[in-house]
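Visitor: I'd like to go through this model residue by residue. Can we start with the annotated site?

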Amino acid sequence: MYGRDPWGGPLEINATDSATDDDRSRNLQDLDRAALSRPLDETQQSWLLGPGEQKKKKKYVDLGCIIVSRKIFVWTVGTLLVSALLAGLITLIVKTVPRHHHRHSPPDNYTLALHKALMFFNAQRSGKLPKHNNVSWRGNSGLQDGKSDPSVLMKDLVGGYYDAGDAIKFNFPASFSMTMLSWSVIEYSAKYEAAGELNHVKEIIKWGTDYLLKTFNNTADTIDRIAAQVGIGDTSGGSSAPNDHYCWMRPEDIDYPRPVYECHSCSDLAAEMAAALASASIVFKDNKAYSQKLVHGARTLFKFARDQRGRYSAGGSDPALFYNSSSYWDEFVWGGAWLYYATGNSSYLQLATHPKLAKHAGAFWGGPDYGVLSWDNKLAGAQVLLSRLRLFLSPGYPYEEILSTFHNQTSIIMCSFLPVFTSFNRTKGGLIQLNHGRPQPLQYVVNAAFLAALYSDYLDAADTPGWYCGPNFYSTDVLREFAKTQIDYILGKNPRKMSYVVGFGNHYPKHVHHRGASIPKNKIKYNCKGGWKWRDTSKPNPNTLVGAMVAGPDKHDGFRDVRTNYNYTEPTLAGNAGLVAALVALSGDKATGIDKNTIFSA
């Protein structure tokens, strides 16, 4: 009989076939395969094919968002685990194996001293101290300054810096100190950054300029007075009235009246304050609102200086006893130069380069103190500052005549610093006597070291290998060597092997003339005369005034570490500002050099 394969093709069945069942089964399978004329789907194949001939099913992993082959999944996860283990092993090896390559060289002495010299300013702060002041024996002080004197217009005179070992706040040297610090930041911000001190020095400057802004009406365009000084120190005539020199007290314990000295005709002070605010405005140029506030204050002060002529210390005033100003013409040149850099306004440059102004400032006089930069006389600083303008911008007519003169005079000043010239004597130990053997020499030495190192960097940046002293040519390295030898002397390379920076080295002054450092912080309040025992004791100061540069040795390299002799052992703001400037100029890599452009940003 004939039947039909359900899937097509004839199928003959012979009931009487003598073949075995196995043979028939094989024959049928062969016929079925031959009869297939179209592809079979998976179900059909599963019916027709034996178990051993079925295709192996692939296994998959459902990850939710995607379905992947199990084999690929296993390989991927395994690879990731192995990679993570290798990365962890490599990291462990890198961190645990000692490094012998690319090690940073240890900080040089100038950088180490810089860290300490800046700390002196933290110790001199008046007012409500910031939490991170980092001087454990200091606290809030002078919180009634201005308020306790009913005669003054400015009632809030809290803040600022104490000048030296007392608690008087003198605007004149404090302003010069802020100007010097700002100048050093403008020129050497990269070196401050490398030393990790850029933010610190900017905080120091801002603490000073914030206070200066309080001492006059900084929102006005025209003013008629400045609060020039807080506290008095006159003890002449045997007066026993409590004041900042008669009493020996911690600033935190002061309970006597602190009068405010106002000036209404103070060209020198106002122009120096203008220089401080103008230079700081360049330091804080990225803080536009604050920078503009500083510039406005500087303009107002300089206008007051020009309109109301006179010396702030005239007439036997208290400032005349301690920081007497000899002239205001040098501040006109200095302040005018800084205002030009801060504003770009050529009227300030016209003033700073006016021949009559230069003449009055002593640019053509010479004399024994010519070329000595100090809190009183800024002419040498102004000459270097304006020589910079000629070296890098060369503005030409009508400024070239005086700029060229200042440039030549700067060269002469640099020559006077060299040992081969006899403008200034030197001690046997090598310290230049810029104040001709008078006491407190170091404040002048550090300023000269800063100017020399800075001018050397100016010449290097201008691709000028040196300068002439008469017919002889000197390399810029000679200037830098002068700066190094003077600072090295201060840091301990002197006949006494004495470091004149407190806390630097192993041998430094232990009896610094300083009220806060000499009286223990022991919860006992010593009154005006009660602190005299700490002034007069031969014991070392209980508190270390880290970074303070003392007044210095005498002309024979001698030094007496005696607290009552301030001519040896008293530090000052102005002295430490010059020290910081010189140290940063000499610190780190010489190749870093100056920042040529920031000062010209306006």
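**The annotated site**

Guide: H513 is buried, at 10% relative accessible area (buried means under 20%, exposed over 50%, partly exposed in between, with a 1.4 Å probe and protein chains only). This is a predicted model, where local features need pLDDT of at least 70, side-chain atom pairs count only at pLDDT 80 or more, and totals for chains, interfaces and linings use all residues. Numbering runs from 1 along each chain as its sequence is written, and side-chain values use heavy atoms, leaving out hydrogens and water.

Visitor: Which positions does UniProt give for "active site"?

Guide: The unreviewed UniProt entry lists H513, D561 and E570. They span 58 residues of sequence but cluster in space, with a largest C-alpha distance of 10.2 Å. UniProt positions use the numbering here, feature names are shortened, and annotations may be inferred rather than shown by experiment.

Visitor: What does H513 touch?

Guide: Leaving aside neighbours within four places in sequence, its contacts (heavy atoms within 4.5 Å) include W248, R563, Y566 and E570. The H513 side chain also reaches the backbone oxygen of R563 at 2.7 Å.

Visitor: Switching to D561. Buried or partly exposed?

Guide: D561 is partly exposed, at 22% relative accessibility.

Visitor: And which residues does D561 touch?

Guide: Not counting residues up to four places away in sequence, D561 touches Y508, P509, K510, H511 and T569. A polar atom of the D561 side chain lies 2.8 Å from the backbone nitrogen of K510.

Technical notes: A polar contact is a pair of N or O atoms within 3.5 Å; within protein, one must be able to donate a hydrogen and the other to accept it, and residues adjacent in sequence count only if both atoms are side-chain atoms.
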